[in-house]
Amino acid sequence: MSKSHSIESEKATVFRPKAATLVIIIGLILLFFSICMSIILGVADINFSTVLQGIFHYDSTSTAHQIVYRLRLPRALAAAFIGASLAVSGAIMQGMTRNALASPSIMGVTSGAMFTVSIAFAFMPFVSNMTIMLFAFIGAGLGSALVFLIGALSKRGLTPMKLALAGTAISALLGSISTGIALRFDVAKDISFWYAGGVAGVQWINVQLLIPIAILGLILAFFISKSITILSLGEDVAAGLGQKVGFVKLLGTVVVLLLTGAAVAVGGTIGFVGLVVPHIVRFIVGSDYRLIIPCSAVVGALLLVLSDVIARLVHPPFETPLGAITAIIGVPFFLYLARREGRGL
């Protein structure tokens, strides 16, 4: 039985390491230039030599150096790590649930985090960045638990479309409650940044909290990537190959909560990155998550940094919410996937 499952998994898994290598190399090069572009472009355009001086030879008396080091560099780094975190979270969710529509924004994870962040602002007037991140982790777990609970109670079990519908319903519910809390306790202005989604107000303290958690989550994601590949073939196949399905799901859930909680705590509700990126990467590199996860991290980082640049350039000197830019990309993609998966209802 184990041998037959092994043959089945080899046939079912498409593995394109050369394509993945190209994606990572080209993606990292483009990411570097995108971060440079993010630092250079803005209301006050700054040349590349000034950027290098502002990073490596910071002069606190120079206005240009302050813009580079205190505003634009943390913003660009935050966008890269948030994009990588959301993309890898979506890839893991899609692999664990075998659901093409799974992503943090659709499966209630993001809205759950926002719900508890709004509670933190309502009842803790002088809330710290660490507390916000802690509440985001708790809310991310709450949102995903509610979605899977509702989906499990439906007739004929879970299907991709049922999970997506449950996620949409929970997201709308928690979003409405969050808005009510914000209005009732007069904290709407405080959390409006998290609702819109973006990295405009990111400071070094936010980046210092985000990066260690994101790196930890990404390392854990790479560590379980082979197990996610096997699990994506079905629980019966995974169990037949000797995999501890429950442990892998638990570890995968922890990784998703770490990555999504940290991303939402810093960048707010930025949707559809975790939906679109894994599908693009899977089309290029195949269905092996040992390739999908690192490639998704690179492509997700690139997508969000470029989206942030576009958000600044659409209507200067005003900024378009970053969540709106990603939604323009993600909504048509979601509708396409929903129509394709509709037969699962």
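## Terms and model

Axes are lines fitted to C-alpha atoms, for helices over the stretch in contact, and angles run from 0 to 180 degrees between N-to-C directions. Two packed helices are described by the angle between their axes and the distance between the axes.

This is a predicted model, in which local features need pLDDT of at least 70 and side-chain atom pairs count only at pLDDT 80 or more, while totals for chains, interfaces and linings use all residues. Residues are numbered from 1 along each chain as its sequence is written, and side-chain values use heavy atoms, with hydrogens and water left out.

## Overall shape

The protein chain has 15 helices and 0 strands. Helices (H or I, at least four residues) and strands (E, at least two) are DSSP runs, numbered from the N terminus. The C-alpha atoms fill a box of roughly 70 × 50 × 30 Å along the principal axes.

For 345 residues, a compact globule would have a radius of gyration near 20 Å, and the chain agrees with 20 Å. That radius is taken over C-alpha atoms, and the globule rule is 2.2 Å times the number of residues to the power 0.38.

## Annotated spans

An unreviewed UniProt entry annotates "transmembrane region" at several spans, including 76-93 and 105-126. UniProt positions follow the numbering used here, feature names are shortened, and annotations may be inferred rather than shown by experiment.

Residues 76-93 are 100% helix and 0% strand, with end C-alpha atoms 26 Å apart. Residues 105-126 are 68% helix and 0% strand, with end C-alpha atoms 28 Å apart.

## α4 with α9

The axes of α4 (residues 63-97) and α9 come within 10 Å and cross at roughly 25 degrees. The two helices are therefore roughly parallel. Angles under 35 degrees count as roughly parallel, over 145 as roughly antiparallel, 65 to 115 as roughly perpendicular and the rest as oblique.

α4 passes α9 in a left-handed crossing. A crossing is left-handed if the near helix is turned anticlockwise from the far one by less than a right angle, and right-handed if clockwise. Contact residues (heavy atoms within 4.5 Å) include Tyr 69, Arg 70 and Phe 81 of α4 and Trp 204 and Leu 210 of α9. By class, the contact has 18 nonpolar, 1 polar and 1 charged residues. Ala, Val, Leu, Ile, Met, Phe, Trp, Tyr, Cys and Pro count as nonpolar, Asp, Glu, Lys and Arg as charged, and the others, Gly among them, as polar.

## α9 with α12

Helix α9 (residues 204-223) packs on α12 (residues 245-267) at about 155 degrees, with axes 9 Å apart. The pair is therefore roughly antiparallel. The crossing is left-handed. Among the contact residues are Asn 206 and Leu 210 of α9 and Leu 251 of α12. The contact divides into 15 nonpolar, 2 polar and no charged residues.

## α5 with α8

The axes of α5 (residues 109-123) and α8 (residues 188-196) come within 10 Å and cross at roughly 165 degrees. They are therefore roughly antiparallel. This crossing is right-handed.
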